[in-house]
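Morning, everyone. I have one model to show you. Please keep it open while I talk.

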Amino acid sequence: MPKLPKLSFPKHRISAPELGVVAALALVLIFIMPLVLPGFRLDLLHRYLALAIVALGIDLIWGFTGLLSLGHGIFFALGGYAIAMHIKLQVPAGAASPLPDFMTLYGVTELPWFWYPFYSFAFAAVAVVLIPALLGAILGYLVFRNRIRGVYFSILTQAAIIVFFNFFNGQQKLFNGTNGLTDFQTLLGVPVRDAQTQYWFYVLTVIFLALAYLLCRWLTMGRFGRLLVAIRDDEARVRFSGYNPTSYKVLVFAISAALAGIGGAFFTLRTGIISPRAMDIAFSIEMVIWVAVGGRASLIGAILGALLVNFARSLLSEQFADIWLFFQGALFLIVVLALPTGIVGWLRTESHLFLARLLGRPQPLATYPELELDPDIQYERDVLKQEGKHPS
């Protein structure tokens, strides 16, 4: 039996102009936006940029690979818990107990064994990425090796998030149960809630968002990206071509889980709390909605969707406190029905037609592009023109 080809990583390089645009936008977010936005809006922007990192991971597995995950809240929460556990172990010198405050309330006298490595910031930082990635790889391998896909994969991810939610929600002595980990004090010796500290968290969020975009952009370029799209469109044909889709799907799912963990960590540092509510099914479905609104298989669309949907929700809840959920639902329905390819997809494929209608310009005929570009058809038309006949 011939050996299957190994994983093929992209060899293309991101163009210098694209790198320049990413760097310019990052500098605008870091230096300009804090001067323009009031503190409350900047706080919201900080949170939503962290969520945009998660949206990139969702777009990578759903938009490009066709894996609709409804359980990414697991990885988001694990990243948040990893950094929160380190912060909770930074007990002040004068404290009555060296244990996190919630443990003393439940009568815990000795720190659980798996908490000890989180005394190290380096371990916690690696755990933010590695724990979600490893869990994603394990779950992905168990699912994809059995060729489970489509709606069955989505149902399994929902079942997984229910299991994790119930586990964390019931562990009062280990993770403070439904209340979660909160009341953060210091990180690396500096107050977590200090304005200057939060600004540096914001800067790091912007930097990691830019890096996450570049990583996803690099992965979706060239042969690797084409294979992901091929798996999405016709996995059986990819398998018959000699490739092993399972390896690619496991890898992409693990990367997506790691991005969710990073987003969860930065979101936790901004909000000051992580609880099992992050594993709520509705929150995981919202992640998918961000990508659907922005545009599948368009990384810019994932970021744009995360920002637009969350800012729209914030503004609607401020103006219509009692009925804002109805407006939010109507907005989603309008986008899905009127813009099935998302905002970025509409801009790419239909915006020029819309502008042409507005300007009263003639519309192009709806025909098959393959026929228009067929060399034989072009040759026949040229011959007819030379003979003075009108091509039909």
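Ground rules first. This is a predicted model: local features need pLDDT of at least 70, side-chain atom pairs count only at pLDDT 80 or more, and totals for chains, interfaces and linings use all residues. Residues are numbered from 1 along each chain as its sequence is written, and side-chain values use heavy atoms, with hydrogens and water left out.

Now the overall picture. The chain comes to 17 helices and 4 strands. Those are DSSP runs numbered from the N terminus: helices are H or I with at least four residues, strands are E with at least two. The chain has 392 residues, and 44% of them count as buried. Buried is under 20% relative accessible area, exposed is over 50%, and partly exposed is in between, with a 1.4 Å probe and protein chains only. Contact here means heavy atoms within 4.5 Å. Of the contacts with a separation of 6 or more, 78% join residues 24 or more positions apart.

Next, the core. A nonpolar core is a set of buried Ala, Val, Leu, Ile, Met, Phe, Trp, Tyr and Cys residues joined through side-chain atoms within 4.5 Å. The largest one has 107 residues, and Leu56 and Leu181 touch the most other members. Helix H2 gives the most to this core, with 17 residues. What does Leu56 touch, beyond residues up to four places away in sequence? The list is Leu209, Ala212, Tyr213, Cys216, Leu259, Leu299, Ala302 and Ile303.

On to helix H3, residues 73-88. All 16 of its 16 residues are buried. From first C-alpha to last, H3 reaches 22 Å, close to the 22 Å expected. The expected span is 1.5 Å times one less than the number of residues.

Buried residues in H11 include Phe283, Met287, Trp290 and Val291. The buried residues of H11 pack against H2, H3, H6, H12, H13 and H14. Just after H11, Gly295 takes a positive phi of about 130°.

Stay in that loop. Ser298 sits between H11 and H12. Is Ser298 buried or exposed? It is buried, at a relative accessible area of 2%. Beyond neighbours within four places in sequence, Ser298 is in contact with Asp59, Phe64, Val344 and Arg348.

We use a 1 Å grid over the protein atoms alone: in a cavity a 1.4 Å probe fits but cannot get out, a pocket is an open set with protein on both sides within 12 Å along at least five of seven lines, and lining residues have an atom within 4 Å of a point. Grid points are joined across faces, edges and corners, and volume is the space filled by probe spheres set on the points.

The largest pocket holds about 640 Å³. Its lining has 19 residues, with Phe267, Arg277, Ala278, Phe283 and Arg313 nearest its centre. H2 gives the most to that lining, with 4 residues.

There is 1 cavity of 30 Å³ or more. The largest cavity holds about 30 Å³. Among its lining residues are Glu286, Trp290, Arg313 and Phe332.

That's the tour. Over to you.
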